[in-house]
Amino acid sequence: QVQLVESGGGLVQAGGSLRLSCAASGSIFNINAMAWYRQAPGKQREMVARITSGGSTNYGDSVKGRFTISRDNAKNTVNLQMNSLKPEDTAVYYCNFALVRGPFEYYYWGQGTQVTVSS
């Protein structure tokens, strides 16, 4: 089994910063992509940022230039640095890992961490 545990969420004023982390433990095998998603009340879950095993990144349009994703392969960890936060960034943030075993890819989710940005 693989467990993902997020940390770093909280309440911050608009314009502030937060750093989220997600660490994997358990039967870790080949981690391919790592990503952050978020879901606001009444909205669909959306991709915030993604980083491949090779370090390539892509971001949702609404966070480009403000958020930075990074990974530490030795620690099986992915981070999300969030700057210039806006009230519309308020959501539950989830990390997602894609693990590869043979021809198959398996997806795991964290339990979510709340980020609230006040105006």
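Biologist: Where is Gly54 found?

Modeller: Gly54 sits in the loop between β5 and β6 (57–59). Strands are DSSP runs of E with at least two residues, and helices are runs of H or I with at least four; both are numbered from the N terminus. This is a predicted model, where local features need pLDDT of at least 70 and side-chain atom pairs count only at pLDDT 80 or more, while totals for chains, interfaces and linings use all residues. Residues are numbered from 1 along each chain as its sequence is written, and side-chain values use heavy atoms, with hydrogens and water left out.

Biologist: Is Gly54 buried or exposed?

Modeller: Start with the cut-offs. Buried means under 20% relative accessible area, exposed means over 50%, and partly exposed is in between (1.4 Å probe, protein chains only). Gly54 has 70%, so Gly54 is exposed. Gly54 and Ala33 are 21 residues apart in sequence, and their C-alpha atoms are 8.7 Å apart in space.

Biologist: How many helices and strands are in the chain?

Modeller: The chain has 0 helices and 11 strands.

Biologist: How do the side chains of β1 point?

Modeller: They alternate along β1 (residues 2–7). Val2, Leu4 and Glu6 point to one face and are buried.

Biologist: In which sense do β1 and β3 pair?

Modeller: Two strands pair if DSSP finds at least two bridges between them. β1 and β3 (residues 18–26) pair in the antiparallel sense, over 6 bridges. Val5 stands opposite Ala23 in β3.

Biologist: Which residues form a disulfide?

Modeller: A disulfide is a pair of cysteine sulfur atoms within 2.5 Å. The structure holds 1 disulfide. Cys22 and Cys95 form it, with sulfur atoms 2.0 Å apart. Cys22 lies in β3 and Cys95 in β9 (residues 91–101), so the pair ties together parts that are 73 residues apart in sequence. Both Cys22 and Cys95 are buried.

Biologist: What is the handedness of the disulfide of Cys22 and Cys95?

Modeller: Look at the torsion about the S-S bond. For Cys22 and Cys95 the torsion is about 45 degrees, so the disulfide is right-handed.

Biologist: Which residues have the most contacts inside the largest nonpolar core?

Modeller: In soluble globular proteins, nonpolar side chains tend to be buried together. A nonpolar core is a set of buried Ala, Val, Leu, Ile, Met, Phe, Trp, Tyr and Cys residues joined through side-chain atoms within 4.5 Å. The largest core here has 29 residues. Trp36, Val78, Leu80, Met82, Tyr93 and Phe97 have the most contacts inside it. The largest share of this core, 5 residues, comes from β9.

Biologist: What does Val78 touch?

Modeller: Contact means heavy atoms within 4.5 Å. Not counting residues up to four places away in sequence, Val78 touches several residues, including Cys22, Trp36, Cys95 and Phe97.

Biologist: What is phi like in Asn76?

Modeller: Most residues other than glycine have a negative phi. Asn76 has a positive phi of about 50 degrees, although Asn76 is not a glycine. Asn76 is in the loop between β7 and β8. Ser84 also has a positive phi, near 50 degrees. Ser84 lies in the loop between β8 and β9. At 43% relative accessibility, Ser84 counts as partly exposed.
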